[in-house]
Amino acid sequence: MSAPASLEQILRASPVMPVIALDRLDQALPLAEALLEGGIPTLEITLRTPVALEAIRRIAKAFPQAHVGAGTVTTPEALRQVADAGAAFAVSPGLTRPLAEAAATGTLPLLPGVMTPAEVMTAMDAGFRFLKLFPAEQAGGISMLKALAGPFKDLRFCPTGGVTPESAPAYLAQPNVICVGGSWLTPRALLEASDWPAIRALAREASALRR
Ligand code: 3PG
């Protein structure tokens, strides 16, 4: 068995990380298939719905070539649960000391959220080099990323929150952006309609974006 992908490899695998809130378990596999067929191998399934953990388990088993991550991981307990479910990485909206300690002692890579320079420094201190700027637009968007590039030139960000297909190219053009996150690939209306061709088309457009 090959070694698990590093967080950097996972974040480089796709210009856009789809942020997914899944209500129906029976949609997990067709959704993952549509994203993969559209050229998006990385998925973030948020722990915002009751079926999220089982969805991660099923997708990870059915599509070993995908990088299935868990989002909205806010506690050490949740980090352990998503690792047990087979997630390849975890994403959190912010960083707490207990979560940083659990990530340091566990095996699962964590992409922690930050919004201020002080939070960036706390995350750096805990050993993180890849950070999610969240919520990106509210934090100042591209001008915030430019400002952070001065003092924190070795860090790479995944801006998430308010990023759109229109704004994604400008985000991706920033040297300190490794990928962007967004929910626009999996809109609720298309999920409710199980419209996999439309989601595949959105994925195809997103996968064509370049850093
Ligand atoms: C979220 O937490 O839902 C993500 O940040 C996605 O935000 P978006 O819906 O603005 O893309």
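Which residue just after α4 takes a positive phi? Point 3 below has the reply, along with some other spots worth a look while you have the structure open.

1. A word on the source. This is a predicted model, so please read each value below as computed from predicted coordinates.

2. Helix α4. This helix spans residues 76–84, and its buried residues are A78, L79 and V82. Those three cover an arc of only 105° around the axis, which puts them on the same side of α4. The cover over them includes α3, β3 (67–71), β4 (89–92) and α5 (97–105).

3. The end of α4. Here is the reply to the opening question: just after α4, G86 takes a positive phi of about 100°.

4. Helix α2. Here, in residues 28–37, the buried positions are A28, L31, A32, A34 and L35. They sit on the same side of α2, because the arc they cover around the axis is only 160°. Their packing partners are β1 (16–20), β2 (42–46), α3 (52–62), α10 (188–192) and α11 (196–207). Just after α2 comes G39, with a positive phi of about 95°.

5. The nonpolar cores. The largest nonpolar core has 62 residues, and L35, F157 and V180 are those with the most contacts inside it. Helix α2 gives the largest share of this core, 5 residues. Another core lies apart from it, with 11 residues, among them L7, V91, L111 and I178. As general background, nonpolar side chains in soluble globular proteins tend to be buried together.

6. The ligand site. Which residues are around the ligand? They are V19, R48, F134, T160, G161, G162, G182 and S183. An N or O atom in the side chain of S183 is 2.5 Å from an oxygen atom of the ligand. For R48, a polar side-chain atom lies 2.6 Å from an oxygen atom of the ligand. With G162 the backbone takes part: one of its N or O atoms lies 2.7 Å from an oxygen atom of the ligand. Taken alone, the ligand exposes 310 Å², and the protein buries 76% of that.

7. P18 in strand β1. This proline lies in strand β1 and, at 0% relative accessibility, P18 counts as buried. P18 and G182 are 164 residues apart in sequence, yet their C-alpha atoms are 5.3 Å apart in space. Leaving aside neighbours within four places in sequence, P18 is in contact with L35, I40, T42, L43, E44, G182 and L185. Two of these names come up elsewhere in this note: L35 is among the buried residues of α2, and G182 is one of the residues around the ligand.

8. S92 in strand β4. Is S92 buried or exposed? With a relative accessible area of 0%, S92 is buried, and its place is in strand β4. Beyond neighbours within four places in sequence, S92 is in contact with V73, L99, L110, L111, P112, G113 and K132.

9. Backbone geometry to check. Most residues other than glycine have a negative phi, and most peptide bonds are trans. A cis peptide bond joins F134 and P135, with omega about -10°. P135 lies in the loop between β6 (130–133) and α7 (136–139), while F134 is one of the residues around the ligand.

10. T72 is not a glycine, yet has a positive phi of about 60°; its place is in the loop between β3 and α4. At 23% relative accessibility, T72 counts as partly exposed. S194, also not a glycine, has a positive phi of about 50° and is found in the loop between α10 and α11. With a relative accessible area of 26%, S194 is partly exposed.

Terms used: Residues numbered from 1 in each chain as written. Predicted model: local features only at pLDDT ≥ 70, side-chain atom pairs only at ≥ 80, totals over all residues. Heavy atoms only, no water. Buried < 20%, exposed > 50% of the residue type's maximum accessible area, 1.4 Å probe, protein only. Helix = DSSP H or I, 4+ residues; strand = E, 2+ residues; numbered from the N terminus. Arc of directions from axis to C-beta. Contact = heavy atoms within 4.5 Å. Near = heavy atom within 4 Å. Polar contact = N/O pair within 3.5 Å; in protein donor to acceptor, adjacent residues only side chain to side chain. Areas by Shrake-Rupley, 256 points an atom, 1.4 Å probe, with all protein chains shown as cover. Core = buried A, V, L, I, M, F, W, Y, C linked by side-chain atoms within 4.5 Å.
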